[in-house]
Amino acid sequence: MRSAASGERTGTGKSPAFSSRRTLFKALGPLLAAYSLASLGSYIFDIGIIVELYRRTGSPAAVGGYFIIQFLPALLLTPALGTFIDRWSRKRILLWTNLARALTVGVLLIHLSVETIYAAAVLLGICDEIYAATANAIGPELAGPEDLPRFNSLLSASDSINLIAGPAIAGLCVSLGGTRASIGADAAVFALAALLVLLMPYRTPRKAAEAAGFLDEMKEGLRIVSGEPVVQKMLLVWGLLLAGVGSTGSLIVVFIGGTMGLPAEKYGWVMAFQGAGIITGSVWIMSRKKAPRPGRLILLGMTLIGVGLLAVSAAGTLAVLLGAYLLIGLGAAAAPNGIRSTLQSELDPGVLGRVFITARFVVNTVRTLSIGAASLIAGITGLRVVFAAAALCVLLGGSAAYVMGRQGGLAGKSEESGINVFGK
C-alpha cells in the first residue's frame with residue numbers, strides 16, 4: 001500500500017484527492033446548511049420588519065434608522081468582537097449567535113412595537129457581524145488552502161439564492177399571516193440553523209498555555225490590520241470594489257425609472273439577473289477540478305464588474321441593462337471570493353476573526369460614504385456619469401491588484417501556506 005503523500009492510490013481504493021474532497025464536504029455540509037438558513041432568516045426578517053415599520057410610522061426615515069442602528073454597534077465594538085471570535089470556540093459562537101437571534105426575534109412575538117424593533121435591530125446587528133466574520137474565519141480550519149475558493153463560493157451562492165428566495169418567502173408569510181407569521185418563521189429558521197451547527201465535525205484548536213490577555217489580543221489585532229501589508233492591500237482593493245458597487249447599488253432603481261424611463265418594477269428583473277450571475281460564477285468556481293488562484297479571481301471579478309458598470313452607464317434598452325448586471329453578478333462571484341481567500345490563506349487562522357470583522361467594518365464604511373457621495377454627485381452630473389465613474393473605480397482596483405500581484409507585493413508565497421496566490 002502506497003502512502004497518500006505519494007499521490008498514488010491507497011488500500012482504500014480511493015485517491016487521496018477523492019478522500020480529501022469527501023472529508024471537505026463532510027465538514028462543510030452542516031456549516032453550509034446552517035449558514036444558508038441563517039442568511040435566509042436575515043432576509044425574511046428584514047423584509048417583514050420593514051413592512052411593519054412603515055405601516056406603523058409611515059416614515060421612510062424610520063426605515064432608514066433601522067438599518068443605521070444595526071450598523072452603529074459594530075462601529076463601537078469591532079475590536080472587541082474580533083478578539084472574542086479568535087479566543088473562543090468558533091463552533092460555539094455560530095451556535096450561540098443563532099440561538100440569540102432566535103430568542104431576539106421570538107421576543108417580538110410577545111411585544112411588537114417600534115421600540116422593540118429598534119432594540120432587536122441592535123442585537124441582531126451585533127449577531128450578524130459576529131456570525132459573518134466567524135463563518136469566514138472558520139474556513140481555513142475546515143477546508144484546505146486549495147479549497148478555500150470553493151468554500152467561499154458555497155457561501156456566496158447560498159447568499160445569492162437567499163437574496164432571491166428570502167423576499168418571496170417573507171412576502172408570502174406577511175400576506176398569509178401578517179408580520180407575526182414572518183417573525184415566527186424567522187425565529188424557527190434561526191433555531192434550526194443553531195441545531196445544524198451542532199452537527200459540524202469541528203474541534204477547537206488548542207490555545208497556547210500562556211495565552212495573551214484579552215486587551216493584548218485586541219491591540220495585536222489592530223496592529224495586524226494596520227500594519228500587515230497583505231491586509232492593507234486587500235482593504236485597498238476591497239474598498240475600491242465596494243466604493244464602485246456601493247455607490248451604484250442604491251441608485252439603480254432611480255436609473256431605471258428616471259434615466260431610462262422604464263417601469264421601476266423592472267428592478268426585480270435586474271436583481272434576478274445579478275443573482276443568476278453570482279450563482280453561475282460560484283458554480284463555475286466550485287466545479288473546476290483545480291480551484292482558480294485567488295489573485296486571478298480578483299482580477300477577473302474586478303474586470304467583469306467594471307465592464308458591466310460601463311455597459312450600464314451606456315445602456316439604452318432593458319436587454320443591455322440585464323446583460324450588464326449578469327456580468328456584474330459573475331464578477332461579484334469572483335472578486336470578493338479572491339479577496340477572502342487571499343486573507344484566509346496568507347494569515348494565521350488565529351487572527352482571522354479580528355481581521356475579517358475589522359475589514360467588514362472598513363469596507364462597509366466606504367460603501368456607506370460612497371452611497372452618500374454618489375447621491376449628491378448624481379444631482380449635478382447625472383446617473384450615467386456616476387456609473388461610469390464607479391466602473392473606473394472598480395477597474396482601478398483590479399489594476400492595482402494585478403500590479404501588486406506581479407510585483408509580489410499582494411500575496412507572494414506564504415511561508416505558512418506555501419501558496420502563491422497569483423500563481424502561474
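A salt bridge here is a side-chain nitrogen of Lys or Arg within 4 Å of a carboxyl oxygen of Asp or Glu. The model is predicted, so local features need pLDDT of at least 70 and side-chain atom pairs pLDDT 80 or more, while totals for chains, interfaces and linings use all residues. Residues are numbered from 1 along each chain as its sequence is written, and side-chain values use heavy atoms, with hydrogens and water left out.

The whole structure has five salt bridges. One of them joins Asp86 and Arg354, at 2.6 Å from N to O. Asp86 sits in helix 2 (residues 60-87) and Arg354 in helix 12 (residues 352-381), 268 residues apart; helices are DSSP runs of H or I, at least four residues, numbered from the N terminus. Both Asp86 and Arg354 are buried, meaning under 20% relative accessible area, where over 50% is exposed and in between is partly exposed (1.4 Å probe, protein chains only).

Next, Asp128 and Arg101, also at 2.6 Å, N to O. Asp128 is partly exposed at 24% relative accessibility, whereas Arg101 is buried at 2%.

Then there is Glu52 with Arg56, closest N and O atoms 2.5 Å apart. They are four residues apart in helix 1 (residues 16-57), so about one helical turn separates them. Glu52 is buried, at 3% relative accessibility; Arg56 is partly exposed, at 36%.

Notes
Helix = DSSP H or I, 4+ residues; strand = E, 2+ residues; numbered from the N terminus.
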